[in-house]
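Here is a short note for someone opening this entry for the first time. Please keep the sequence and the 3D view side by side while reading.

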Amino acid sequence: MKRIFFIAFLLINMTAFAQTEKTTNTPKKLVVDFFEAFHAQDTIKLKSFALDGIKMQSVSMDAEGNTKLNSDDYSKFLKSIASIPADASFEEKLHEFRVEENGLLATVTTPYSFYFNENFSHCGVNSFQLVKFNGEWKITSLIDTRTKKNCD
């Protein structure tokens, strides 16, 4: 009887651990955590979510209708987040999550609207490329679009 109880106890704990791991270590969870840290201006957490050498890009159109592709260093992004004044407010509202996961690779796409000091600034789509290293998802690339048009 003790042996059956011990085996049942082990199985219950293994199942609980597996469920916790699955729900806390997913591509979507990483992106949710990224935006929580972003809104809190927690650059230490933001840095921990990304692989060194992360590629950051933004796509937009100039006044003449030409596509612009801007690249930036993640460290510059972190400095810009840290430098937002305390009296300023900003929010990136995510409208949905589209997650594609295949083994060690995942893509998370999030349409968004961005507000600064409660005023609409722009909208677009974020696309996160993630790779799983030693059981932990890391952002390897982040590209977004930015526009003021068709932001329904």
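1. **Overall make-up.** This is a predicted model. The chain has 4 helices and 7 strands. Read from the N terminus, the order of elements is α-α-α-β-β-α-β-β-β-β-β.

2. **Burial and surface.** The chain has 152 residues, and 28% of them count as buried.

3. **Contacts along the chain.** Take the contacts between residues at least 6 apart in sequence. Of these, 51% join residues at least 24 apart.

4. Strand β4 covers residues 98-102, and strand β5 covers residues 105-116. The two pair in the antiparallel sense, over 5 bridges. Valine 99 stands opposite valine 108 in β5. The hairpin leaves 2 residues between its strands. In the turn, glycine 103 has a positive phi of about 65°.

5. **The disulfide.** The structure holds 1 disulfide. Cysteine 123 and cysteine 151 form this link, with their sulfur atoms 1.9 Å apart. The pair links distant parts of the chain, 28 residues apart. Cysteine 123 lies in strand β6 (residues 119-133), while cysteine 151 lies in the segment after β7 (136-145). The angle about the S-S bond is -70°, and the link is left-handed.

6. **Cover at the two cysteines.** Is cysteine 123 buried or exposed? Cysteine 123 counts as buried because its relative accessibility is 6%, and the cut-off is under 20%. Cysteine 151 has a relative accessible area of 24%, so cysteine 151 is partly exposed.

Notes: Residues are numbered from 1 along each chain as its sequence is written. This is a predicted model: local features need pLDDT of at least 70, side-chain atom pairs count only at pLDDT 80 or more; totals for chains, interfaces and linings use all residues. Side-chain values use heavy atoms; hydrogens and water are left out. Two strands pair if DSSP finds at least two bridges between them. Buried means under 20% relative accessible area, exposed over 50%, partly exposed in between (1.4 Å probe, protein chains only). Contact means heavy atoms within 4.5 Å. A disulfide is a pair of cysteine sulfur atoms within 2.5 Å.
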